[in-house]
Amino acid sequence: MTNLAETTGLRDRISGEVVGPRDPEYDEARAVYNAMIDRGPALIARCRSVGDVRAALEAGRDAGSPIAVRGGGHSGPGFGTIDGGVVIDLSPMRTVEVDPDRRTARVQGGATLGALDAATHEHGLATPAGIIASTGVGGLTLGGGHGYLSRRYGLTIDNLLEAEVTLADGRSVRASETEHPDLFWALRGGGGNFGIVTSFTFRLHPVRNVICGPTAWPASATADVLSWYRDFMPAQDEDLFGFFATMTVPPVDTFPEPFHLHKACAVVWCYLGDPADAGDVFAGVRDMEPAFDGIGEAPYPGLQSAFDGLYPRGLQWYWRGDLFRTVPDGAVEAHARFAEELPTMHSAMHLYPIDGAVNKVGSGDTAWAYRDVTFSQVIVGVDPDPANVPALKRWAVDYWEATHPYSVGAAYANFMMDDEGQERVRAAYGTNYDRLAEVKATYDPDNVLRANQNILPAR
Ligand SMILES: Cc1cc2nc3c(=O)[nH]c(=O)nc-3n(C[C@H](O)[C@H](O)[C@H](O)COP(=O)(O)OP(=O)(O)OC[C@H]3O[C@@H](n4cnc5c(N)ncnc54)[C@H](O)[C@@H]3O)c2cc1C
């Protein structure tokens with residue numbers, strides 16, 4: 001392999017580190033969150049500034065190398081690393097600046113959700129994002145981003161005010177409703193196709209403590225609980241969010257010992273309203289007589305990092321997603337069956353509500369095309385042992401095939417692998433695909449940024 005770390009002279013041109021195959025930290029630097037991904041980049045540029053990003057991008061282009069951009073490194077297909085190419089690793093760019101008066105946060109492109117939540121929480125503020133603190137703000141936002149606050153405050157992209165972007169040709173521009181509005185539209189759901197976002201500015205909302213936690217039932221109750229949940233959840237006020245899960249109860253203190261390692265179904269709740277009303281709000285849930293009720297008050301970042309210990313970096317992951325308007329009886333039956341067949345302790349299915357505020361934005365207003373769906377589903381086969389990968393994949397694909405006919409025929413792009421074909425990518429962007437292809441042709445006509453759910457440039 002050409003020693004790009006030496007031949008590009010990049011070490012002398014950037015303030016961050018450049019790691020090549022001969023460096024002792026190479027294995028650590030090339031690894032991403034999903035340990036199933038094992039790729040050998042020519043170099044990893046740990047960028048500290050917009051200038052570093054530009055120099056690394058130019059070095060990759062000049063060498064004719066494939067380029068990967070890494071935010072938090074959480075992509076299932078491992079888009080944050082690439083064989084024989086240049087990795088632009090944004091993780092040193094992780095500063096979060098909060099303006100409490102304007103209720104905004106300016107977040108560098110390599111920050112994690114944990115850093116964002118910690119900084120905004122100091123001011124009793126938050127913006128919608130995903131449920132694991134080590135996830136990158138970059139990839140999550142560019143794909144759309146949904147989480148506990150989404151029924152009330154929308155997708156992460158619905159709270160994006162502007163972005164600083166280094167384009168494929170090295171220029172840096174600002175994208176907002178008034179500057180490069182076509183680019184701003186595409187960034188909100190179109191993934192990393194259009195440029196390298198070095199900073200995001202988000203709108204924040206008052207969120208401090210929340211009433212939250214899991215309620216769980218034995219796996220044998222999955223059909224009954226899911227049939228209830230599919231109707232209960234969409235009928236609730238937007239202040240209540242609960243995602244449904246099929247799972248194995250982990251052996252952690254949150255759950256009483258007799259439940260440990262039993263297969264279960266659960267709903268993990270987050271209530272943003274007045275704690276005094278929580279008794280009434282959760283009355284309907286308690287009518288379902290959960291075997292375990294862990295609802296209590298917690299600081300919002302506590303909920304946001306509740307699963308971090310269960311899902312550390314370095315596990316094997318294979319996932320499949322789909323979007324649903326409802327969960328018909330046929331799908332309920334499939335969930336009940338596969339809940340009993342979870343292949344490993346870490347494997348699970350999550351059904352996230354994305355109605356409420358998410359549905360108040362038009363399908364063409366941002367690149368996220370599916371504003372009339374109710375649930376975003378992800379089936380995750382997860383285990384520490386690489387020997388279990390075939391079983392994880394088989395279970396996830398079989399499960400996905402059993403529920404897919406009841407879906408809208410497309411997934412949230414951030415819940416896709418890279419083995420599902422270009423038609424699935426096209427479906428993920430739906431009615432917005434052709435317009436996205438036009439924007440791609442404007443900002444990255446040579447498809448330099450293609451380590452993503454790739455939108456092919458029009459023409
Ligand atoms: C454990 C786990 C939990 C998750 N939970 C949720 C959830 O609750 N809600 C949700 O919406 N999603 C969730 N996801 C999915 C998550 O949104 C995606 O995996 C996302 O791609 C992660 O972003 P990242 O920056 O960490 O990933 P990376 O692998 O670094 O990047 C993913 C993609 O985004 C691009 N990218 C990243 N940063 C930038 C940037 N600054 N500029 C340009 N391109 C960039 C990369 O090139 C790549 O194509 C979860 C994922 C995991 C593994």
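Modeller: Two strands pair if DSSP finds at least two bridges between them. Helices (H or I, at least four residues) and strands (E, at least two) are DSSP runs, numbered from the N terminus. This is a predicted model, where local features need pLDDT of at least 70, side-chain atom pairs count only at pLDDT 80 or more, and totals for chains, interfaces and linings use all residues. Residues are numbered from 1 along each chain as its sequence is written, and side-chain values use heavy atoms, without hydrogens and water.

Biologist: Which strands stand at the edges of the open sheet of five strands?

Modeller: The sheet has antiparallel pairing and the order S5-S6-S10-S8-S9. An edge strand has a single partner strand, so one side is left without a neighbour in the sheet. The edge strands are S5 (96-99) and S9 (172-176).

Biologist: How many bridges join S5 to strand S6?

Modeller: S6 covers residues 104-108 and runs antiparallel to S5. Asp-99 stands opposite Thr-104 in S6. The number of bridges is four.

Biologist: Is H8 parallel, perpendicular or oblique to H12?

Modeller: The axes (lines fitted to C-alpha atoms, for helices over the stretch in contact) give angles from 0 to 180 degrees between N-to-C directions. The axes of H8 (residues 222-235) and H12 (residues 329-339) come within 9 Å and cross at roughly 140°. Angles under 35 degrees count as roughly parallel, over 145 as roughly antiparallel, 65 to 115 as roughly perpendicular and the rest as oblique. Therefore H8 is to H12 oblique.
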